[in-house]
Amino acid sequence: MHFGSPLGEHHSLFVAMNYTHSQITEISLNQGTETQRQNANIIAKLTQKDLWLDEVSLTMNYSPYKNNDILKDVLNSNFEIEGGGFSTTLKAKHDFNAFTLNSRLSFSQSDNSRNAPPHYYPWA
């Protein structure tokens, strides 16, 4: 899903969202076991043109994910991974007579975790 629109003569907004969920049956120890994956992506961009500079844009992105999985042929091996992050970028552009000034400032953060049983026993 996405949306883009001018917000007046000098401003515009773009927003996009995507969500994916999948369920996969894995064969482990001769049995079917369901695993799951979830992923989301949300992005928003605000642009300003022809005011103090030729163009200034702010982009923000949030992308979390979650994975419930197993180690094949290992008893009670289910584990969960959660993670994702946030990023933002500020860009500025201005054309002068002899040159063009392009500036960019970015920040990103990512957090990831894994939860699993404390023991690992491989089975034949």
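Figure 1. Strand E6 contains Phe107. In this predicted model, Phe107 has a relative accessible area of 47% and is therefore partly exposed. Phe107 belongs to a nonpolar patch on the surface, together with Met1, Leu7, Met17, Ile42, Leu46, Leu58, Met60, Tyr62, Phe86, Leu90 and Leu105. The accessible area of the patch is about 1100 Å² in total. At least two residues of the patch come from each of strands E3 (31–49), E4 (55–69), E5 (79–95) and E6 (100–115). Strand E4 contributes the most, with three residues.

Figure 2. In general, the strands of a sheet pair through backbone hydrogen bonds, and the pairing may be parallel or antiparallel.

**Figure 3. The pairing of E4 with E5.** Strands E4 and E5 run antiparallel and are joined by 15 bridges. Which residue of E5 is the bridge partner of Asn61? The partner is Ser87.

**Figure 4. The salt bridge between Lys72 and Glu26.** Three salt bridges are found in the whole structure. In one of them, Lys72 pairs with Glu26, and the closest N and O atoms are 3.2 Å apart. Lys72 is in the loop between E4 and E5, while Glu26 is in strand E2 (residues 11–28), so the pair links distant parts of the chain, 46 residues apart. Is Lys72 buried or exposed? Lys72 is exposed, because its relative accessible area of 52% is over the cut-off of 50%. Glu26 has a relative accessible area of 15% and is buried, since the limit for buried residues is under 20%.

Figure 5. Asp69 forms a salt bridge with Arg37, with 3.3 Å between the closest N and O atoms. Because Asp69 lies in strand E4 and Arg37 in strand E3, the pair ties together parts that are 32 residues apart in sequence. Asp69 is buried, at a relative accessible area of 14%, whereas Arg37 is partly exposed at 26%. Glu34 is also placed in strand E3. The C-alpha atoms of Glu34 and Asp69 are separated by 8.1 Å, although these residues are 35 residues apart along the chain. Glu34 counts as partly exposed, with 48% relative accessibility.

**Figure 6. The salt bridge between Lys66 and Glu80.** The closest N and O atoms of the salt bridge between Lys66 and Glu80 are 3.8 Å apart. Lys66 is in strand E4 and Glu80 is in strand E5; the pair links distant parts of the chain, 14 residues apart. Lys66 is partly exposed, with a relative accessible area of 28%.

**Figure 7. Confidence along the chain.** The protein has a mean pLDDT of 90, and 96% of its residues reach 70 or more. Where is confidence lowest, and where is it highest? Confidence is lowest in E1, where the mean is 82, and highest in E4, where it is 96.

Definitions and conventions: Residues numbered from 1 in each chain as written. Predicted model: local features only at pLDDT ≥ 70, side-chain atom pairs only at ≥ 80, totals over all residues. Heavy atoms only, no water. Patch = residues over 30% accessible without salt bridge, like charges linked within 9 Å, V, L, I, M, F, W, Y side chains within 5 Å. Areas by Shrake-Rupley, 256 points an atom, 1.4 Å probe, with all protein chains shown as cover. Salt bridge = Lys/Arg side-chain N within 4 Å of Asp/Glu carboxyl O. Helix = DSSP H or I, 4+ residues; strand = E, 2+ residues; numbered from the N terminus. Buried < 20%, exposed > 50% of the residue type's maximum accessible area, 1.4 Å probe, protein only. Pairing = 2+ DSSP bridges. pLDDT = per-residue confidence, 0-100.
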